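Dear colleague,

I am handing over the structure below, and I would ask you to look through it before reading on.

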2 protein chains.
Amino acid sequence: MATVSESPITSVEQIVAQLTEAVHEHRVQPGTKLREDEVGEIFGVSRTLVRDALRRMEHGGLVTIQRNRGAFVAKPTPKEAREVFEARALLEPQTTRAAAERATARDIAELEHHMAEEHSALDREEAGLALKLSGDFHVAIARIADQKTIEQFLRQLVSRSSLVIALYWRRRNALCESNAHHALVEALRTGDGDKAEDLMKGHLLDVLSQLDLRERDQGPVSLKDALKR
Amino acid sequence: MATVSESPITSVEQIVAQLTEAVHEHRVQPGTKLREDEVGEIFGVSRTLVRDALRRMEHGGLVTIQRNRGAFVAKPTPKEAREVFEARALLEPQTTRAAAERATARDIAELEHHMAEEHSALDREEAGLALKLSGDFHVAIARIADQKTIEQFLRQLVSRSSLVIALYWRRRNALCESNAHHALVEALRTGDGDKAEDLMKGHLLDVLSQLDLRERDQGPVSLKDALKR
DNA sequence: TGAGCAATGTTTGTATACAATATCAGTTGA
DNA sequence: TCAACTGATATTGTATACAAACATTGCTCA
């Protein structure tokens, strides 16, 4: 669970986990190049494992790989951003309903612990960490609903949402989120499926409405490239 | 688009595509071991590329990889099978509605061509091919809806559905499917979103009802293993 | 001065080599 | 007879080496 780790045995899973976490917490920005050698050196492994890790992340939509050019942290376009939230709108509300109908006291306690950590991160002004925890919250609901397949999809969507937020978020006050999560936990505690479903639907719309998804030049980083053609 | 190919340059994509196709068409059964060397020899490449391909297929749920034991064509449990169809039930109906609202004459023509191929495959008693085409039909709808993210999820779900059908299908007459697809295309042609959504919902329930998902011993292949513990 | 191009260095693509682990056959001992 | 062990073999895990593609620098020439 720790965010930082000096693991003696670094497996592919760990590389994926740590890179993913770094992206979720906005410690690395969309578009950042991930050179195989460099990453390998950081984790103390050969390029073989790094390649494997990057390929997996590509499949999850977190990384873009261009042949012979390498891997980059993905930069979702506004269209892709909309698609991500459209997919979430299809999956999450009903999953939340199912979770409300299944949640045990233990599940609720875990969600509350989660929220506490989120609050604490916000107090410490670690916005990145708070965002990551907020994402984990959504994944946790799918887990409570006991839907492994949807959970995995949601994991990808939450990942990509994090990129979307890094690129298109309007304000910096993520406070509204915490309240929404609080209300959700209440609905889950009382087993009110209808309410939970509605709250999740609204929550997703809220988040989406905080994005500025107008098409813009998110073009080449350097002026030089821009002038080339 | 061709199903068979003797490609001079075999890339990872092609390995994935051909293996996937073979699974979709039930030419290889769930549980089949996929040795890296063996696959590599078939495609004329080294294990490096094969490993990459198998890892990708694992992520798509088509292959299971056990550390130090290798890759196998996945064998979804009844629970996983249900999850796959539950996820489809969330994604496909609304996506079909969107497709109905966007479909061009060209899109419709393509779907019809698709169905014709499916019929033709059935006439030739190539059930595996027909099944694959049937799956492609569902993916095509997501493409028409212009939802890349959902399309990719659906691709995974259709893949896994193919495994589910290989394991749990009750009868051999896949005829009902064709009719359902025909009705769907009609709804898409007339742009009737409501109807298209309903038809898809019903279609998925139909398919699900044709499965025998009772838990059964799909346990260890050998008696020896069963006795070991 | 600046566009085009050649030479050089860097990075990725793929194959291969070696290490670690699992599988299986044959053997031993109760 | 059968369980447990041991060694041989097969298979996967990881690192490394070399090839191919790309990027960059500095040069030439108009």
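In chain B, the axes of helix H1 (residues 12-24) and helix H3 (47-59) come within 9 Å and cross at roughly 55 degrees, where axes are lines fitted to C-alpha atoms, for helices over the stretch in contact, and angles run from 0 to 180 degrees between N-to-C directions. That angle makes H1(B) oblique to H3(B), since angles under 35 degrees count as roughly parallel, over 145 as roughly antiparallel, 65 to 115 as roughly perpendicular and the rest as oblique. On the side of H1(B), the contact is made by B:Val12, B:Ile15, B:Val16, B:Leu19 and B:Thr20, and H3(B) brings B:Leu49, B:Val50, B:Asp52, B:Ala53, B:Arg56 and B:Met57; residues are in contact if their C-beta atoms, placed from the backbone, lie within 7 Å. By class, this contact has 8 nonpolar, 1 polar and 2 charged residues, with Ala, Val, Leu, Ile, Met, Phe, Trp, Tyr, Cys and Pro counted as nonpolar, Asp, Glu, Lys and Arg as charged, and the others, Gly among them, as polar. Helices are DSSP runs (H or I, at least four residues), numbered from the N terminus.

Please bear in mind that this is a predicted model, in which local features need pLDDT of at least 70 and side-chain atom pairs count only at pLDDT 80 or more, while totals for chains, interfaces and linings use all residues. Residues are numbered from 1 along each chain as its sequence is written, and chains are lettered from A and ligands numbered from 1 in the order in which they are written.

Turning to the two protein chains, 16 residues of chain A are in contact with 16 residues of chain B. The largest share of the side of chain A that touches chain B, 7 residues, comes from H4(A), and the residues of that side divide into 6 nonpolar, 4 polar and 6 charged.

Chain A can be laid on chain B with an RMSD of 0.0 Å by a turn of 180 degrees and a shift of 0.0 Å along the axis, which is the relation of a two-fold axis; the copies are superposed by least squares on the C-alpha atoms of residues with pLDDT of at least 70 in both. Of the residues of chain A, A:Leu90 comes closest to the rotation axis, at 3.0 Å (C-alpha).

As for DNA strand C, A:Glu36, A:Gly70, B:Ser46, B:Thr48 and B:Asn68 come nearest among the 15 residues around it, a residue being near if its C-beta atom, placed from the backbone, lies within 6 Å. H3(B) gives the most to this surface, with 3 residues.

With best regards

Terms used: Helix = DSSP H or I, 4+ residues; strand = E, 2+ residues; numbered from the N terminus.
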